[in-house]
Amino acid sequence: MSRTGGHTDPRPERRPEKRREQIVAYVTRHGTARVEDLARLLDVSHMTVHRDLDVLAADHLLERIRGGAAAVSPSMSELGVGQRRRLRRETKAALCAYAATLVDAGAVVAVDDSTTLEPIIGPLQDRDPSTLITHSLAAMAAHRDRTGAATIRLIGCGGRYFPETDSFLGADTVRQLRHLSADVSFVSTTSVRPTPGGAALFHPDGEAAETKRAVIDVGRVRVLVVDATKVDAPGVFHVADLAEFHHIVTDADTTPDQRELLAASGATVHVVGADGTARPAEGEAS
């Protein structure tokens with residue numbers, strides 16, 4: 001039997017969670033997808049794709065339509081925070097475990113509200129920073145619930161609360177951030193795209209883009225944490241040029257072309273494996 005048309009696959013399938021994340025990324029980017037296209041893309045059977053689509057539809061990560069699936073969120077907007085938290089969890093945890101190693105003891109650290117960075121709170125506290133600055137309610141709660149968190153000062157930047165991001169965004173939040181300073185700032189976003197000037201970060205929401213910009217400005221050393229699905233994804237509002245970052249932490253699923261785009265910024269690019277260890281991107285000294 002052929003892989004795309006038969007009932008069985010001749011070799012073991014890749015891990016379902018990773019495969020389903022690829023499906024959501026593909027459907028969100030293209031709006032819709034047919035079963036046969038997904039089967040060809042992922043090199044699995046139609047039956048496997050049907051099972052994956054049923055699971056993802058039950059989790060409200062996409063919508064089942066005749067012959068395939070449709071995105072539950074337009075390509076220029078974000079999935080809800082609850083949905084995003086279920087995607088690429090292991091990848092996010094590995095990226096954050098490595099990113100935290102860029103922090104020295106006693107440092108003041110700023111963290112934005114992206115779900116990519118939510119797992120950083122645990123390993124970050126193990127680095128013994130002096131202060132955590134964030135506008136993410138989830139990060140504030142994670143910090144509060146950690147054993148020993150009382151030794152690390154928390155500065156929570158408030159303002160208008162947005163349930164779709166579980167964070168505070170907008171002018172009031174930005175105003176508070178602009179009165180602060182950090183040794184290291186960590187940000188992530190939904191889109192990294194080529195621009196005439198090199199490459200830049202974008203976000204589908206203007207207030208979120210403005211707040212992320214303020215988090216970047218807080219940091220003396222600026223770290224972007226972004227996985228392969230964000231590179232060349234749709235984006236609307238400019239956040240920052242890639243050249244403004246000192247470090248870019250990404251995952252091993254990035255293609256050589258994507259790593260070249262990131263490395264062209266002049267930042268040190270750290271390619272992180274599933275075990276949380278990293279190696280330099282191609283073209284950089286090892």
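Start by selecting Asp128: with 44% relative accessibility, Asp128 counts as partly exposed, a class that runs between buried (under 20% relative accessible area) and exposed (over 50%), using a 1.4 Å probe and protein chains only. Before moving on, note that this is a predicted model, in which local features need pLDDT of at least 70, side-chain atom pairs count only at pLDDT 80 or more, and totals for chains, interfaces and linings use all residues. Residues are numbered from 1 along each chain as its sequence is written, and side-chain values use heavy atoms, with hydrogens and water left out.

**Stop 1: around Asp128**

Asp128 sits in the loop between helix H6 (121–126) and strand S5 (131–134); helices (H or I, at least four residues) and strands (E, at least two) are DSSP runs, numbered from the N terminus. Check its backbone: phi of Asp128 is near 60°, a positive value in a residue other than glycine. Most residues other than glycine have a negative phi. Now show the surroundings. Leaving out residues up to four places away in sequence, Asp128 touches Ala105 and Gly106, where contact means heavy atoms within 4.5 Å.

Gly122 is buried, at a relative accessible area of 15%. From there, draw a line to Cys96: Gly122 and Cys96 are 26 residues apart in sequence and 9.2 Å apart in space, C-alpha to C-alpha.

**Stop 2: two further positive phi angles**

Select Asp166 in the loop between strand S7 (160–162) and strand S8 (167–169). Asp166 has a positive phi of about 55° although it is not a glycine. Is Asp166 buried or exposed? At 12% relative accessibility, Asp166 counts as buried.

Then go to helix H2 (residues 35–42), whose buried residues are Val35, Asp37, Leu38, Ala39 and Leu42. Just after H2 comes Asp43, with a positive phi of about 60°.

**Stop 3: the largest nonpolar core**

Colour Ile133, Leu201, Leu224, Leu242 and Ile248, the residues with the most contacts inside the largest nonpolar core, which has 29 residues. Such a core is a set of buried Ala, Val, Leu, Ile, Met, Phe, Trp, Tyr and Cys residues joined through side-chain atoms within 4.5 Å. Elements that each supply at least two residues of this core include strand S4 (108–111), helix H8 (171–177), strand S11 (198–203), helix H9 (206–218) and strand S15 (268–272). Which element gives the most to this core? H9 does, with five residues.

Centre the view on Leu242. Leaving aside neighbours within four places in sequence, Leu242 is in contact with Val192, Ala199, Ala200, Leu201, Leu224, Ile248, Leu261, Leu262 and Ser265. Apart from this core lies another, of 22 residues, among them Leu95, Ala99, Ala139 and Val223.

**Stop 4: Thr250**

Next, select Thr250 in strand S14 (residues 247–251). Thr250 counts as buried, at 0% relative accessibility. Its partners, not counting residues up to four places away in sequence, are Leu95, Val226, Asp227, Ala228, Leu262, Val269, His270, Val271 and Val272.

**Stop 5: the second largest pocket**

Show Lys18, Glu90, Thr91, Asp253 and Ala274, the closest to the centre of the second largest pocket among the 15 residues that line it. Helix H1 (16–30) and helix H5 (89–99) are the elements that give two or more residues to this lining, and H5 gives the most, with four residues.

**Stop 6: the whole chain**

Buried residues make up 50% of its 286 residues. Of the contacts in the chain with a separation of 6 or more, 60% are accounted for by residues 24 or more positions apart.

Terms used: 1 Å grid on protein atoms, 1.4 Å probe; cavity = no way out; pocket = protein on both sides within 12 Å on 5 of 7 lines; lining within 4 Å.
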